[in-house]
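Student: I have a new model open on my screen and would like to go through it with you. Could you take my questions as they come?

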Amino acid sequence: MQIIDFANTKDYNVKVIKNTMHTILRRKGKKMESYFMFKNLAIIIIAAKVCGIVARKCKAPQVVGEIIAGLLIGPSILGWVEQSDFLVQLAEIGVVLLMFSAGLETDLKDLLKTGPIAALIACAGVFIPLVCGSLLYMAFYGVAPWGSEAFYKAVFVGTILTATSVSITVESLREMGKLKGKVGTTILSAAIIDDVIGIIVLTFVIGFKSPDSKPMSVLVNTVLFFVFAIVIGFICYKIFQLMDSKYPHTRRIPIAGLALCLAMAYIAEKYFGIADITGAYVAGIILCSIRDSKYIAEKMDISSYILFGPVFFASIGLKTNVDNVNMSILLFSIAFVAVGLISKVVGCGIVARLCKFNGLDSLKIGVGMMTRGEVALIVAQKGLSAGLLTSVYFTSVIFLIIVSSILTPIILKILYSKDTAAPTTE
């Protein structure tokens, strides 16, 4: 005969009910999050478009308005939209598509011609900010002896300043129709090389602090990635050339191109430790010489312009939160922004001048290299994980991203407006 323990049965039933209720609430919460997702996207798209139009009316590039839109609707001012994992992922797709389009619109002959010069400019764009950023930290917090914890923290602050965000400069140059040509291609090439060198420097700095890290593996992985890109690039180029001759101007070509872009972005980040935007740019370079490259770029531009681009640029403003800023951090942030901007302009501009660019074009290259973005945030995050940076300094990094993202397009537009008065290499 079976004996039933009513007390235990009652407890069991209560647990089942509780678990069921928790499951229902979790599902309901996820469903509510999906509705908030649509609301956030609607606000971002409308705000970005309105602010973009206002920016163009004020003779500034549209991307400036989109960044300001993110600042307005974000937690710092109106608080209508908060950063979420979903928006971060959309923004990541946005920057990948932007770099893919930049690769598609690159003139391969100009890229090969400017390659050595771009490498020299990139080296200066890493070395000068690295030194200036380290000295800035020591000026605020005292000179640190070689090899000490404080010394590595100072060097790491300089490492944050080495990163260049090519995406905002690319979009500004595209708006003005100046992406192609010697100056535009040099800026683009130098920014890509700059990020690769910056990542190598980052790994070395972390490696000196942590014995578990292997700095030399980054050098090997970087070389292996570009060897991989050349081999796979040649094969993919031949396949796309064949598709282009058999199915010219059909939708399957941009679809296959998008798949190549996403695959290269994934492979670069996952297997070689290279930034996904570099993989996307390489995918664009692979396809830039096929007959339908412009057709692919047009199809990519539709998605980027309507959704992914505005989300990416607005997300820069959304990340800004000034609630915990005190006077000490504010003063450091102002100095950090000033050093970050000036060191890039001086370092890259002087080397460009030595490479026989005229004065105006050298200044354009220096200004084009001073933007910071997602790579600077990634570097800062790595430093936080390694114990080389505290979260309070994220405010300084965000300020640098906001100021450089707004100033760079405006100054570039002013410099390019002087082309009618002075001959350039464009």
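**Loops, bridges and rings**

Tutor: Let us begin with a loop: Lys-356 is placed between H12 and H13, in the loop that joins them. Please keep in mind throughout that this is a predicted model.

Student: What is the phi of Lys-356 near?

Tutor: Phi of Lys-356 is near 80 degrees, which is a positive value in a residue other than glycine. Lys-356 also counts as exposed, because its relative accessibility is 76%.

Student: Which loop is His-249 in, and what about its phi?

Tutor: His-249 sits in the loop between helix H8 (215–246) and helix H9 (252–272), and although His-249 is not a glycine, its phi is positive, at about 60 degrees. With a relative accessible area of 52%, His-249 is exposed.

Student: Okay, stepping back, how many helices and strands does the protein chain have?

Tutor: The protein chain has 15 helices and 0 strands. Of its 426 residues, 51% count as buried, and among the contacts between residues at least 6 apart in sequence, 80% join residues that are at least 24 apart.

Student: Changing topic, how many salt bridges does a search of the whole structure find?

Tutor: The search finds 2 salt bridges. One of them is formed by Asp-194 and Lys-344, whose closest N and O atoms are 2.6 Å apart. Asp-194 lies in helix H7 (residues 182–209) and Lys-344 in helix H12, so this pair ties together parts that are 150 residues apart in sequence.

Student: Are Asp-194 and Lys-344 buried or exposed?

Tutor: Asp-194 counts as buried, because its relative accessibility is 0%, and Lys-344 likewise counts as buried at 0% relative accessibility.

Student: Which residue forms a salt bridge with Asp-361?

Tutor: Asp-361 forms a salt bridge with Lys-364, and the closest N and O atoms of that pair are 3.2 Å apart. Asp-361 and Lys-364 are separated by about one helical turn, because they are 3 residues apart in helix H13 (residues 359–368). Both residues are buried.

Student: Where does Lys-364 lie relative to Tyr-416?

Tutor: Lys-364 lies over the face of Tyr-416, at 4.0 Å from the ring centre. Arg-252 likewise lies over the face of Tyr-247, at 4.2 Å from the ring centre.

Student: While we are on rings, how many aromatic pairs are there?

Tutor: The count comes to 11 aromatic pairs. Tyr-137 and Tyr-141 form one that is tilted, with 4.9 Å from centre to centre and 45 degrees between the planes. These two tyrosines are separated by about one helical turn, because they are 4 residues apart in helix H4. Tyr-137 is buried, with a relative accessible area of 12%, whereas Tyr-141 is partly exposed, with 36%.

Student: What kind of pair do Tyr-266 and Tyr-271 make, and why?

Tutor: Their ring centres are 6.0 Å apart and their planes stand at 85 degrees, so the pair is edge-to-face. Tyr-266 is partly exposed, with a relative accessible area of 46%, and Tyr-271 is exposed, with 53%.

Student: Back to Tyr-137, which residues form the aromatic cluster with it?

Tutor: Tyr-137 forms one aromatic cluster together with Phe-140, Tyr-141, Phe-332 and Phe-336. Phe-140 lies in helix H4 and counts as partly exposed, because its relative accessibility is 37%.

Student: Which nonpolar patch on the surface includes Phe-140?

Tutor: Phe-140 forms that patch with Tyr-141, Met-327, Leu-330, Leu-331 and Ile-334, and together they have about 570 Å² of accessible area. Helix H4 (108–141) and helix H12 (327–354) each supply at least two residues of the patch, and the largest share, 4 residues, comes from H12.

Student: Last one, where is Ser-293 found, and which residues does it touch?

Tutor: Ser-293 is found in helix H11 (residues 293–318) and is buried, with a relative accessible area of 10%. Leaving aside residues up to four places away in sequence, Ser-293 touches Leu-104, Leu-287 and Cys-288.

Methods
Residues numbered from 1 in each chain as written. Predicted model: local features only at pLDDT ≥ 70, side-chain atom pairs only at ≥ 80, totals over all residues. Heavy atoms only, no water. Patch = residues over 30% accessible without salt bridge, like charges linked within 9 Å, V, L, I, M, F, W, Y side chains within 5 Å. Areas by Shrake-Rupley, 256 points an atom, 1.4 Å probe, with all protein chains shown as cover. Salt bridge = Lys/Arg side-chain N within 4 Å of Asp/Glu carboxyl O. Buried < 20%, exposed > 50% of the residue type's maximum accessible area, 1.4 Å probe, protein only. Phe/Tyr/Trp six-rings, centres within 6.5 Å; stacked < 30°, edge-to-face > 60°. Lys NZ or Arg CZ within 6 Å of the ring centre and 35° of its normal. Contact = heavy atoms within 4.5 Å.
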